[in-house]
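Thanks for coming, everyone. Please take a look at the structure on the screen, and then I will walk you through it.

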Amino acid sequence: MTNSSSLSRAEAAIAVVLAASLVGAGVAASVAERPWEAVAATVAAALAGFAVLSLRRARRSIAAVSAVMEAAGRGDLERRVVLLADGGELSRLANDANRLL
């Protein structure tokens with residue numbers, strides 16, 4: 001078993017849900033008697049796709065904060081986290097890291 005991060009495992013799980021939703025949408029679309037199932041599976045696939053994109057954006061934000069913290073550990077206290085795409089907790093983390101430095 002590989003040592004992947006919790007974000008990587010979450011992204012993989014959501015990708016499986018996305019694939020299953022797309023397959024379900026295709027199967028449901030082929031059965032003309034239940035078109036609402038195709039719509040539901042398509043909506044699920046769209047939501048899973050949004051979740052994957054959100055996780056990737058969060059991963060980039062965490063990497064940006066991590067890079068600044070690594071530089072600070074090497075003695076470069078001038079670097080800051082700038083233009084963070086995320087809001088909420090990740091933005092708070094970046095602002096706290098900047099204030100710390």
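Start with arginine 79. The cut-offs: buried means under 20% relative accessible area, exposed means over 50%, and partly exposed is in between, with a 1.4 Å probe and protein chains only. Arginine 79 sits in the loop between α2 and α3.

Before I go on, a word on the source. This is a predicted model, where local features need pLDDT of at least 70, side-chain atom pairs count only at pLDDT 80 or more, and totals for chains, interfaces and linings use all residues. Residues are numbered from 1 along each chain as its sequence is written, and side-chain values use heavy atoms, with hydrogens and water left out.

Back to arginine 79. What does arginine 79 touch, not counting residues up to four places away in sequence? Ala67, Val68, Ala71, Arg74 and Leu101. Contact means heavy atoms within 4.5 Å. Now take arginine 34. It is 45 residues from arginine 79 in sequence, and 57 Å away in space, C-alpha to C-alpha.

Now the whole chain. It has three helices and zero strands. Those are DSSP runs, numbered from the N terminus: helices are H or I, at least four residues, and strands are E, at least two. Along the sequence, the pattern reads α-α-α. The C-alpha trace spans about 65 × 30 × 15 Å along its principal axes. Of the 101 residues, 22% are buried.

Next, two of the helices. Helix α2 covers residues 35-73, and helix α3 covers residues 88-100. Their axes come within 10 Å and cross at roughly 10 degrees. Axes here are lines fitted to C-alpha atoms, for helices over the stretch in contact, and angles run from 0 to 180 degrees between N-to-C directions. So α2 and α3 are roughly parallel to each other. Angles under 35 degrees count as roughly parallel, over 145 as roughly antiparallel, 65 to 115 as roughly perpendicular, and the rest as oblique.

Which residues meet there? From α2, Ala58, Ser61, Ile62, Val65 and Met69; from α3, Leu90, Leu93, Ala94 and Ala97.

Last stop, leucine 22. Leucine 22 belongs to helix α1, residues 6-30. Leucine 22 is exposed, with a relative accessible area of 52%. Alanine 41 lies 19 residues from leucine 22 in sequence, and 6.7 Å from it in space, C-alpha to C-alpha.
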